[in-house]
Amino acid sequence: AENIAVAQVHAAESGLTIDYRAVGVEAMTERFDLVTSLEVIEHVNDPAGFVRGLAEALADGGLLILSTPNRTPLSRLALITLAEGTGRIPRGTHDWNKFLTPDELTDLIRRAGLTVIDVRGLGFSPATGFTLSDSTQLDYFVTAT
C-alpha cells in the first residue's frame with residue numbers, strides 16, 4: 001500500500017493518469033493488451049498459478065513480458081552474495097531456489113496456453129549499466145502472446 005501511495009503521488013506530479021491496484025493477478029477480472037511482470041515471479045509461492053493468472057489477464061492478441069533472475073551461480077553471486085550481502089538489497093529478499101531457468105519459465109508459459117516469441121538476457125557492465133544481452137546467465141526477459 002505504501003509503494004502504491006508513493007507511485008500515485010509520482011504519477012500525479014508527472015501528469016499521468018494511472019489506475020494502480022494492490023491485488024493479486026488472480027483477482028483481476030479485466031483483460032489487457034499488455035501484461036508485464038518484472039522481477040516478481042521469483043517471489044511467488046505458486047509460479048505455475050501466477051503464470052496462469054497472467055495469461056488469463058491477457059487479451060486475445062496481447063503481449064506478455066516477464067523478467068526474472070536465472071538460477072545460475074552468477075545470479076547467486078550477484079543478487080544474494082553481493083547485493084544482499086552488501087546491503088544494496090535487504091537480506092532475505094531472494095531465495096535462489098525459487099529462481100527459474102529460461103526453460104522452466106517458458107514451459108510454464110506454454111502450459112498456460114501462450115506462445116513464447118522471444119527470450120533475451122539482461123546483462124550488466126559497470127561501464128554501460130544494464131543492457132539487453134544474448135546471455136541469460138544473470139537475468140532475462142520472456143515475451144509471449
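**Salt bridges, rings and a patch**

Biologist: How many Å, N to O, lie between the side chains of D107 and R111 where they meet in a salt bridge?
Modeller: A salt bridge here is a side-chain nitrogen of Lys or Arg within 4 Å of a carboxyl oxygen of Asp or Glu. The side chains of D107 and R111 form one, and its N to O distance is 3.0 Å.

Biologist: What am I looking at, and how many salt bridges does the structure hold?
Modeller: It's a predicted model, where local features need pLDDT of at least 70 and side-chain atom pairs count only at pLDDT 80 or more, while totals for chains, interfaces and linings use all residues. Residues are numbered from 1 along each chain as its sequence is written, and side-chain values use heavy atoms, leaving out hydrogens and water. The number of salt bridges in the structure is 6.

Biologist: About how much of a helical turn separates D107 and R111?
Modeller: Helices (H or I, at least four residues) and strands (E, at least two) are DSSP runs, numbered from the N terminus. D107 and R111 sit 4 residues apart in helix α4, so their separation is about one helical turn.

Biologist: Is R111 buried or exposed?
Modeller: Buried means under 20% relative accessible area, exposed over 50%, and partly exposed in between (1.4 Å probe, protein chains only). R111 has 59%, so R111 counts as exposed.

Biologist: How many residues apart in sequence are the parts that E104 and R71 tie together?
Modeller: The side chains of E104 and R71 meet in a salt bridge, at 2.8 Å from N to O. E104 is in helix α4 (residues 102–111) and R71 in the loop between β2 (58–69) and α3, so the parts they tie together are separated in sequence by 33 residues.

Biologist: Which residue is linked with R21 and E30 in a network of salt bridges?
Modeller: Start with E30, in the loop between α1 (2–13) and β1 (32–38). The side chain of E30 meets that of R21 in a salt bridge of 2.9 Å, N to O. The network links R21 and E30 with D19.

Biologist: Leaving aside neighbours within four places in sequence, which residue besides R21 is in contact with E30?
Modeller: Contact means heavy atoms within 4.5 Å. With those sequence neighbours left aside, E30 touches R21 and also A57.

Biologist: What is the angle between the planes of F124 and F130?
Modeller: Rings of Phe, Tyr and Trp (its six-membered ring) pair if their centres lie within 6.5 Å; planes under 30 degrees apart count as stacked, over 60 as edge-to-face and the rest as tilted. A search of the whole structure turns up 1 aromatic pair. That pair is F124 and F130, tilted, with 4.8 Å from centre to centre and a plane angle of 55°.

Biologist: Which residue's face does R76 lie over?
Modeller: A charge sits over a ring if NZ of Lys or CZ of Arg is within 6 Å of the ring centre and within 35 degrees of the ring normal. R76 is 3.9 Å from the ring centre of W96. So, by that rule, the face belongs to W96.

Biologist: Where is E39, the non-glycine with a positive phi?
Modeller: E39 has a phi of about 60°. At 30% relative accessibility, E39 counts as partly exposed. Its place is the loop between β1 and α2 (47–57).
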